[in-house]
Amino acid sequence: MQPRNMSMSGVVDLAAVKAAGEAKQKAEQARAEAARTGETPTAGTSLVINVDEAGFQQDVLQRSTEVPVVLDFWAEWCEPCKQLGPLLERLAGEYAGKFVLAKVDVDANQMLFQQFGVQGIPAVFAVVAGQPIPLFQGAAPEAQIRQVLDQLVQAAEQQFGIVGVPVDPQAAGDPAPAEAPAGPYDAALAAAGAALDAGDLGGAVQAYKNVLSDDSANPEAKLGLAQAELLRRVQDLVPAGVRKAAAENPSDVQAQIRAADLDLVGGHVEDAFGRLVDTVKRSAGDDREAARVRLLELFEVIGTDDPRVVSARTALARVLF
C-alpha cells in the first residue's frame, strides 16, 4: 500500500554566528506569535486541519518537515469513520503538538485517495519529512492507536530530528499576549560568539553548552554550538588527504563523514548532505547510525528551515523507510 507521486518538489558563512542566530531567533519568535494567534498547526484547534488536493503540498508535505502529519481518510457515509475521527482529534489534543491531524474527505479528494492506494476507509497514514507511511486501516482500538502514534513520534524525532512544537491546547483561545523572553543569555552568547570569531573553538563550544544546559531550546546557542563543533572537527584535517581517502574508499563511513564536514565548511551544502544520505543508504548498523547522526548535526549548522535541509530530510526518509 505504497503511495505514488508523493515527492517534495550558496556558500555558508560559518563565522556569522551572531547574525544567523538572530535570524533564527526571529523565526522562532514569529512562530511563537503565529501560535498565539492560532495561525500554525500547533495552536489549539489547528492541531486538527482539513486538507484538500490544492493545499496538500503546503499543508501536509511542507508541514511534515517540522511536525509529523497524521492523515485520516474519511467520508460522511462511513460509520467507522465517525468513531475513529473524534478519537484521533482527541489524541491530537492530548499529544499537544507532537503531531498534526489532517483530515481528508475522500469523496472530495479522489486523487489523494488514489495516490495513497487506499483500499478502504477509515485509513490512516503519516507523512514525515515529506515521506508517506501507512499506519493502520479501520477503527482500531485506542490502545493500539496510541502505540502507533508513540512509535511515529519517536521515529520522527530519532530518525529526522522532527519534534513539532509542544503546546497547551487549553490555551488556544487565550487572547493574552505572550511575554517576550527576558534574554538572560545575551552576555554569554556574545562571549561565545567572540570566542568563535577569535578561533577559540573549545571555549566557544563550552560557552554554548553552558547556555543550553539552562535553556536547551535556545536557537542561537544550538546554531552556534553546531557551527563551533564543525569548525573544531575540521581544524586539523588535511583536506587533500581526506578527499582522497573518501574517493578511494566509498564504503569507509568515517572517511565520508570527514569529507562531508569539509564539504559543508567549503560551502558545498548539497554535496555534504548528498554524501551522507548516500552513506546512510549503503551502510548498516553502527556505521549507518553514525552517518545519520552526523547528517542531523549538519542540518543544525545550516538551519532546519533552509530548503536544502528540507530536501535532504526528504532524501533521508526515502533511504530509511
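## A loop residue to start from

Asp252 is partly exposed, with a relative accessible area of 31%. You will find Asp252 in the loop between helix 9 and helix 10. Its C-alpha lies 9.3 Å from the C-alpha of Ser283, although 31 residues separate Asp252 and Ser283 in sequence.

Keep in mind as you look around that this is a predicted model.

## The whole chain

Let's step back for a moment. The protein chain has 321 residues, and 46% of them count as buried. Its secondary structure comes to 13 helices and 5 strands.

## Helix 9 meets helix 10

Now back to the two helices on either side of Asp252. Helix 9 covers residues 239-248 and helix 10 covers residues 253-265; their axes come within 8 Å and cross at roughly 130°. That angle makes helix 9 oblique to helix 10. The crossing of helix 9 past helix 10 is left-handed.

Which residues make this contact? Helix 9 brings Pro239, Val242, Arg243, Ala245 and Ala246, while helix 10 brings Ala255, Gln256, Arg258, Ala259, Leu262 and Asp263. Sorted by class, the contact of helix 9 with helix 10 has 7 nonpolar, 1 polar and 3 charged residues.

## Helix 10 meets helix 12

Helix 10 also has a meeting with helix 12, which spans residues 285-302. The axes of helix 10 and helix 12 come within 10 Å and cross at roughly 10°. Angles under 35 degrees count as roughly parallel, so helix 10 and helix 12 are roughly parallel to each other.

From helix 10, the residues in this contact are Val253, Gln254, Ile257, Ala260, Asp261 and Leu264. On the side of helix 12 they meet Asp287, Ala290, Ala291, Arg294, Leu298, Val301 and Ile302. By class, the contact of helix 10 with helix 12 divides into 9 nonpolar, 1 polar and 3 charged residues.

## Asp105 in strand 3

Next, find Asp105 in strand 3, which runs over residues 100-105. Is Asp105 buried or partly exposed? With a relative accessible area of 24%, Asp105 is partly exposed, because buried means under 20%.

Asp105 and Ala75 are 30 residues apart in sequence, yet their C-alpha atoms are 5.4 Å apart in space. If you leave aside the neighbours within four places in sequence, Asp105 is in contact with Trp74 and Ala75.

## Some backbone details

Here is a general point to carry with you: most residues other than glycine have a negative phi, and most peptide bonds are trans. With that in mind, look at Ala96, which has a positive phi of about 50° although it is not a glycine. Ala96 sits in the loop between helix 3 (79-95) and strand 3, and its relative accessibility of 14% means that Ala96 counts as buried.

Ala129 likewise has a positive phi of about 50° without being a glycine. Ala129 is in the loop between strand 4 and strand 5 (131-137). At 0% relative accessibility, Ala129 counts as buried. Where is the cis peptide bond that runs to Pro122? That bond goes from Ile121 to Pro122, with omega near 0°. Pro122 belongs to the loop between helix 4 (110-115) and strand 4 (123-128).

Methods:
Residues numbered from 1 in each chain as written. Predicted model: local features only at pLDDT ≥ 70, side-chain atom pairs only at ≥ 80, totals over all residues. Heavy atoms only, no water. Helix = DSSP H or I, 4+ residues; strand = E, 2+ residues; numbered from the N terminus. Buried < 20%, exposed > 50% of the residue type's maximum accessible area, 1.4 Å probe, protein only. Axes fitted to C-alpha atoms, helices over the stretch in contact; angles between N-to-C directions. Parallel < 35°, antiparallel > 145°, perpendicular 65-115°, else oblique. Left-handed = near helix turned anticlockwise from the far one by under 90°. Contact = heavy atoms within 4.5 Å. Nonpolar A, V, L, I, M, F, W, Y, C, P; charged D, E, K, R; others polar.
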